[in-house]
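Here are some notes for a colleague who is opening this structure for the first time. Please read them with the model in view.

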Amino acid sequence: MKNYFRLFSGFVMVVCYTSCGPQNRTELATNELKPESKYFINSDSPSSIVRNIEQDRNGRIWIASWEGVFLSDGSSFTNFTTTVSSARFFSVLEDSKGNMWFGSIGSGVFYYDGKRFKNYKTEDGLLNNDVVSIYEDKAGNIWFGVFGGASRYDGKSFQNFIINENEMNEDPTGKTFSERPEFEVNSIIEDKTGKFWFATRGNTFVFDGKDFNSVSHLGKPFTNVRSVIEDQKGNIWLGGNDGLWRYDGSTFTNIAKGFVGFIYEDKNGNILTSSETSEGWALSRYNEKSLSNRIAVVPEIIKANEGMIFGIREANDGSIWFGTLDGVKRFDGKTVNGFNAMSSQEYFSRLVAARDNC
């Protein structure tokens, strides 16, 4: 039986820190924080790991974090899920009907229709309760990338696809995983030809509606891919352990080496990435015009020396929002601004936690 929750709206007046477990939360009064950071202390904004960011049709910013899902108008923040769940949230999506979907770690998926929440878990048919990514296909089905595979929800029931070592296949038995299996699905897209791409911690797969095929280049499969997108020109971009790659439908081109976490295309066709560089983790931007060159492409570094950078989103005003270990930050075209303060000790503690648990 599904669980229903009515929304209680209001601002959270304390800074919340989330442990590695999905259900426990310790609250610390803001006046106990030592302001050792240059960033402005905003007790309502997320102060821990931010994994994903979305802007809805009304211009509101939704932020999936370890402390919950936050809603922002660009300056103030509300913890939207504080009365619903204390789980860590990794993903957020607004569907084509204006409904919101929130993916958690340990508590499944939360659906919000503008009035109330509905929680879907393994007992409802979801493959696993650790939900890493959410995607809506052209037919309006909602896909959930979870640990162990993916679930497709048509509004009535779930159809599950399981990763088994180097293969991925549909499971018609209704099998679910109560524990966390290997090989989570980090990113899902449907390309212009109607094929689905699944970026996983294991192999990368393409699904034509019948069969799953592993994606490889020169006989080597793309593994541990964290992000896959299709740009405005129809190119497929892969980012992960083997760097940044572009596929034009016939040829794979390596754009950058080094680990790439997230990929995002802005409205001008520029490609933004979060990646490991010689200067630490960096938010980089590849100019759209330079990407057509056959010579090496050098990106513009927007912000470097970050511990880690997660989800990236361009807001309607052209600013770039991105997630970090210590909350969300915003690039206004000139400078990067944060919303929180954090001690150096806590920063490094979260860096270790992110490495071990993300």
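1. In this predicted model, an open sheet is built from five strands, which follow one another in the order β12-β13-β14-β15-β16 and pair in antiparallel fashion. The strands at the edges are β12 (131-136) and β16 (167-171), and because each has a single partner strand, one side of each is left without a neighbour in the sheet. From one strand to the next, the twist averages 20 degrees.

2. Within this sheet, the pairing of β13 with β14 can be followed in detail: residues 142-146 of β13 and residues 149-153 of β14 run antiparallel and are joined by five bridges.

3. A separate point concerns the second largest pocket, which holds about 300 Å³ of space. Its lining is made up of 16 residues, of which D191, T193, K195, W197 and Y247 are the closest to the centre of the pocket. Sorted by class, the lining of this pocket comprises six charged, five polar and five nonpolar residues.

4. On confidence, the chain has an average pLDDT of 85, and 82% of the residues score at least 70. Where pLDDT is low, the predicted coordinates should not be read in detail.

How values were computed
Residues numbered from 1 in each chain as written. Predicted model: local features only at pLDDT ≥ 70, side-chain atom pairs only at ≥ 80, totals over all residues. Heavy atoms only, no water. Pairing = 2+ DSSP bridges. Helix = DSSP H or I, 4+ residues; strand = E, 2+ residues; numbered from the N terminus. Axes fitted to C-alpha atoms, helices over the stretch in contact; angles between N-to-C directions. pLDDT = per-residue confidence, 0-100. 1 Å grid on protein atoms, 1.4 Å probe; cavity = no way out; pocket = protein on both sides within 12 Å on 5 of 7 lines; lining within 4 Å. Points joined across faces, edges and corners; volume = space filled by probe spheres on them. Nonpolar A, V, L, I, M, F, W, Y, C, P; charged D, E, K, R; others polar.
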